[in-house]
Amino acid sequence: SRQGATIVFLGDSNTYTGTWVSLLDAWQMHEIPKAWLRLLNLGLSSETASGLSEPTHPFPRPDVKTRIDSVLEKTKPDVVFICYGMNDGIYHPQSEERFQAYQMGIRKVVTKVKKIGALVVLITPPIFDALPVRAKGKLQKPGAERYSWELVSDEYDEVVARYANWITGQTRLADLVIDIHTPMKKAVMMARTSDPS
């Protein structure tokens, strides 16, 4: 990226919390301090690209499509990192309708970013780790009466993995695709061989 470039990060709470964006900022300051990159974390908790929300969610989930024009107009980014998927299946089992809403949402956001001439980096969603949710007794079996972020489908990691797999195939849509899902899953599985909890 060019010197002084503005880099915008869009995503759900995994982005909003700021940890990985801060790590990138620290790396940039250490490795390429004269780049003077402007990193803007515009992640938003609960947000989706699909525009979906579970009926029992305390408020309708924010939808990045409703704010993308304003974000691009106000920040004039050179690069936009996009990381969605964790909330997009709304914690339900697999559904073609929800999967298509996710795909459509990602495509729409990417199209708008490219239209202003910015580069697009798509990042897969991280893993959904069912273990701590199971320990709290909050996983729901197939056919449950309701699912939500508090009562999650016990198949939800498969849903998120499907979304991640789709993102990894979007090399024509995006300028760069980064898969964090696969190495994260490998790291967790490896750690569980010595510590199952």
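Biologist: Which exposed residues does the face of α3 turned away from its buried side carry?

Modeller: This is a predicted model in which local features need pLDDT of at least 70 and side-chain atom pairs count only at pLDDT 80 or more, whereas totals for chains, interfaces and linings use all residues. Residues are numbered from 1 along each chain as its sequence is written, and side-chain values use heavy atoms, with hydrogens and water left out. Helices (DSSP runs of H or I, at least four residues) and strands (runs of E, at least two) are numbered from the N terminus, and buried means under 20% relative accessible area, exposed over 50% and partly exposed in between, with a 1.4 Å probe and protein chains only. On the face of α3 turned away from its buried side, the exposed residues are E73 and K74.

Biologist: What arc around the axis do the buried residues of α3 cover?

Modeller: The buried residues in α3 are I68, V71, L72 and T75. Taking the arc as that of the directions from the helix axis to the C-beta atoms, these residues are on the same side of α3, because they cover an arc of only 95°.

Biologist: Which strand of β4 residue stands opposite F81?

Modeller: Strands count as paired if DSSP finds at least two bridges between them, and β3 (79-83) pairs with β1 in the parallel sense over five bridges, where F9 has F81 as its bridge partner. Five of the five residues of β3 are buried, so this strand is largely enclosed by the rest of the structure. With β4, β3 pairs in the parallel sense over four bridges, and there the residue opposite F81 is V121.

Biologist: How many residues has the largest nonpolar core?

Modeller: A nonpolar core is a set of buried Ala, Val, Leu, Ile, Met, Phe, Trp, Tyr and Cys residues joined through side-chain atoms within 4.5 Å. In the largest one, the residues with the most contacts (heavy atoms within 4.5 Å) are I82, I106, L122 and F128, and its number of residues is 34.

Biologist: Why do the rings of F99 and Y163 count as stacked, and at what angle are their planes?

Modeller: Rings of Phe, Tyr and Trp (its six-membered ring) pair if their centres lie within 6.5 Å, with planes under 30 degrees apart counted as stacked, over 60 as edge-to-face and the rest as tilted. This rule gives nine aromatic pairs. The pair of F99 and Y163 is stacked because the ring centres are 5.4 Å apart and the planes stand at 15°.

Biologist: Which residues form one aromatic cluster?

Modeller: Y102 lies in helix α4 (residues 96-115) and is buried, at 0% relative accessibility. Among the residues that Y102 touches, leaving out those up to four places away in sequence, are Y163 and W166. F99, at 7% relative accessibility, is buried too, and the one aromatic cluster is formed by F99, Y102, Y163 and W166.

Biologist: How far does the backbone nitrogen of V64 lie from a polar atom of the side chain of E47?

Modeller: E47 lies in the loop between β2 (38-41) and α3, and it is buried, with a relative accessible area of 0%. Not counting residues up to four places away in sequence, E47 touches residues including G11, D12, V64 and R67. A polar contact is a pair of N or O atoms within 3.5 Å, where within protein one must be able to donate a hydrogen and the other to accept it, and residues adjacent in sequence count only if both atoms are side-chain atoms. From a polar atom of the E47 side chain to the backbone nitrogen of V64, the distance is 3.5 Å.
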